[in-house]
Amino acid sequence: MGLELPKYPEMEEDVVVNFTDSEIVSHVKDALTSVISGDSNSYNQLVGVMHHSKHLAADEVALLETTLKALAGAASCIEITLHDSLLSAIFSMSMWNYGPHVADALAELIVSLAISNGKYLDLCLGTLVSNFTPPPYFLDKLKLPHGIERKSQVLSRVHAAFKKIADYVPLAPLRLLTIVLQGMPTIYHKDRAIVIYVENMLKLESGEIGELVGSTMVMAVVDRLIELDVEIGWDAILQDDFSKGIFEMELEDVDDFVESAEPDIGEFRLSRKSLVGNSIAELLDNLLVLTFEHLESCERAGRLAKVFETLLQSFQITVMSAYKSKFTQFVIFYACALDPENCGMKFATMLADLFVQDSHPQPTRMSAVAYLASYLSRAKFLSASFISSMLKRLVDWCLEYCKTHNADINPNAHRVFYSGCQAIMYVLCFRMKVFMDVPRLKLQLLMPLEQILKHKLNPLKVCLPSVVEEFLRQAKAASLFTLCKTFIFDDLLESELSRAFGGLERLDTFFPFDPCLLKRCDSFIRPMFVFWSMVKPTYDDTYDDDNDDGSSDDDLIKDFVNENEDVMNDGVAKSFDEQSLDLDEFDCALKKMSITPKNSSSYKFGGRFQEPTRMPSRIRPSTSPESL
């Protein structure tokens, strides 16, 4: 096929010459080799064409496209020592500046250079990675139709080029990993640049070379989420007066809401309002949503189980060790919600395994059981039978610990034991009503708990008073133990003991799956999440059998009894979401959600057990200010 080659700068004004493809390539090769003899005139013309980028006329676009294609055909003649200026011009070009035809020609040239000489591989891969993000002037156009179309054109060509290079250079994906990780924007870059860069990383994970680079991409994304997460200080979320409970702050914010007539009502309104304008929080929110959407695509493609293995590994390495993490853990929560029978069970089992195996460090085991307790309490998609099986593992371990440790209270020496006891009580604060109405569970799960709580180690005195109080209140209403007076202590200490077993990390106040305060992220999590307002405690007369409104735990109990004869070995059957938990109660969550206590320095159990109107706790969302 003949191509019409527009004039080079020194051609006569009216001269237009027709060349075949091979003739154009030959002409470019001559220009490249002429540098050796000292005649660099034609070579300089080639370099000049490469610098054409913006506001090109039609003939300039045609010239650039033709020249790029010819250079691709002559790639073997390009030498880094002789043609460094040409290479520099090529590798500084951005596909975002050109239409589809020039972008195709540029991608073809980059692929040709990469496979023609190993010396150019890193430069070519780096050029393609630099096209992950548009030039600064183009960032504002990404939401416009033209910008969306250009983004699709560029990124499809970039990832197709990766595949072509990998086909010819087997080591290319390994080199690409290093280049992508090194080029990742910092958290202080413009948020849109970071989001689109991460989008490309996830595209690599799900692409044709994902088998080689996918797991590293996922782990790198989680690492970046954690970096952003810990940058959000608690002063950006909470009021300065930590003696105020979240419930009180929510009531104050109700007034603000009424006055301002804002349309959005949800949990922790004041906290969300406090995050408005926080650029780091908004960036993290956007990245989490991007990750959620990627997990959804993995689930649709039948790849979620494989990606989840990487998430589990990343969770243990990165998330569990970040005690200040407030939001990143919801990535694995959402993955579990997408596949409860596989991912959901595997996550809980992994946490339980970490807790019961004494080969792990104490902080790891305590963090694991804190995650497990919060997960079992909050995940609406888990069945009662599976939750009970996980609780039984904790109860069995704690019971065995009691049999082998005939010692008195010592928060420092028995930190793991107290964390396990608190986890059990915390989950039962959310789930006790279900378990109490199933006789087999009451015998196999709740009765052994009595022996643990009566032990000389006395977890009721050491665990967080807010959790103990709510647990005892529900246990008393349910007549759980034969001698309730055994658990009434005149000298019950305040929170000094819980702080002692919690350690410097304050793992006694770590409940990582408390409600998510990021607005977009919460919209994904909310339908799968158990809020405190949805819990039917044993002492709540509103939900007795005579006044059943169809949203109590009665249906859950019936379903549970019918699931399987051996409830402890049953899998995930019906989830809490399928068992008539009333989603309309989200609107009243403000009044009943808070499990945040008053200042524990003024909190004390008396000789008479006092019944509060709501579950008290000093627990802040995800962790507590004291731990920071």
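User: In this predicted model, is the crossing in which α1 passes α2 left-handed or right-handed?

Analyst: The model is a predicted one, and the two helices concerned are α1, covering residues 21-33, and α2, covering residues 41-50, whose axes come within 7 Å. As for the sense in which α1 passes α2, the crossing is left-handed.

User: How is α1 oriented relative to α2: roughly parallel or roughly perpendicular?

Analyst: The axes of α1 and α2 cross at roughly 115°. Because angles of 65 to 115 degrees count as roughly perpendicular, the orientation of α1 relative to α2 is roughly perpendicular.

User: How many residues of the contact of α1 with α2 are nonpolar?

Analyst: On the α1 side the contact is made by Val28, Ala31 and Leu32, and on the α2 side by Ser42, Tyr43 and Leu46. Divided by class, the residues of this contact include no charged one and one polar one, while the number that are nonpolar is five.

User: Is α8 roughly parallel or roughly antiparallel to α9?

Analyst: Helix α8 (residues 172-183) and helix α9 (residues 191-206) have axes that come within 11 Å and cross at roughly 160°. Since angles over 145 degrees count as roughly antiparallel, α8 runs relative to α9 roughly antiparallel.

Terms used: Residues numbered from 1 in each chain as written. Predicted model: local features only at pLDDT ≥ 70, side-chain atom pairs only at ≥ 80, totals over all residues. Heavy atoms only, no water. Axes fitted to C-alpha atoms, helices over the stretch in contact; angles between N-to-C directions. Helix = DSSP H or I, 4+ residues; strand = E, 2+ residues; numbered from the N terminus. Parallel < 35°, antiparallel > 145°, perpendicular 65-115°, else oblique. Left-handed = near helix turned anticlockwise from the far one by under 90°. Contact = heavy atoms within 4.5 Å. Nonpolar A, V, L, I, M, F, W, Y, C, P; charged D, E, K, R; others polar.
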